[in-house]
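Hi everyone, and thanks for coming.

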Amino acid sequence: MKKKKGRFLAALTQKSELPLAYIGRCAELYWVGGRELTVDGCRCVLTYEDELIELSCGGGRYRIEGQGFELRSYFDGKMKITGRIDRIALERGEGEKSK
C-alpha cells in the first residue's frame, strides 16, 4: 500500500510540476461567499486576532485578513472560520508567495 502511494505521488509530482514536498500534504481551503472559510489540513493556529488569522498548514503558512473573525470549530486538522474575509495569502516553505 505504501509503495503504491509513493508511485502515485511521484507521478502526480511529474504531471503537476509541483515539488513532492507539496504533494500529499497541502491543505484544502473552501471559501464560501467571502464570509466563511473551511480549512482541512491545518497543523496549528499561529495568530488569532479579530482582523488576522495565520495558520501553519501542509505546504506553508496561510495568512487570512478581514474583520470580525470567529473560529467556529477546530478538530483533527479541520476548522471553520467566519467573518468578513478580504484576503487569503500563502507563504510557501521556500519563501515563494502566491494568492
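Before I point at anything, a word on naming: helices (H or I, at least four residues) and strands (E, at least two) are DSSP runs, numbered from the N terminus. Please keep in mind that this is a predicted model, where local features need pLDDT of at least 70, side-chain atom pairs count only at pLDDT 80 or more, and totals for chains, interfaces and linings use all residues. Residues are numbered from 1 along each chain as its sequence is written, and side-chain values use heavy atoms, with hydrogens and water left out.

Let's start with Glu91, which sits in strand S6, residues 78-92. Its C-alpha is 6.4 Å from that of Tyr62, although 29 residues separate Glu91 and Tyr62 in sequence. Glu91 is partly exposed, because its relative accessibility is 41%; buried means under 20% relative accessible area, exposed over 50%, and partly exposed in between, using a 1.4 Å probe and protein chains only.

Now go to the loop between strand S5 (60-75) and S6, where you'll find Asp76. Asp76 has a relative accessible area of 71%, so it is exposed. Its phi is near 55°, a positive value in a residue other than glycine. Most residues other than glycine have a negative phi.
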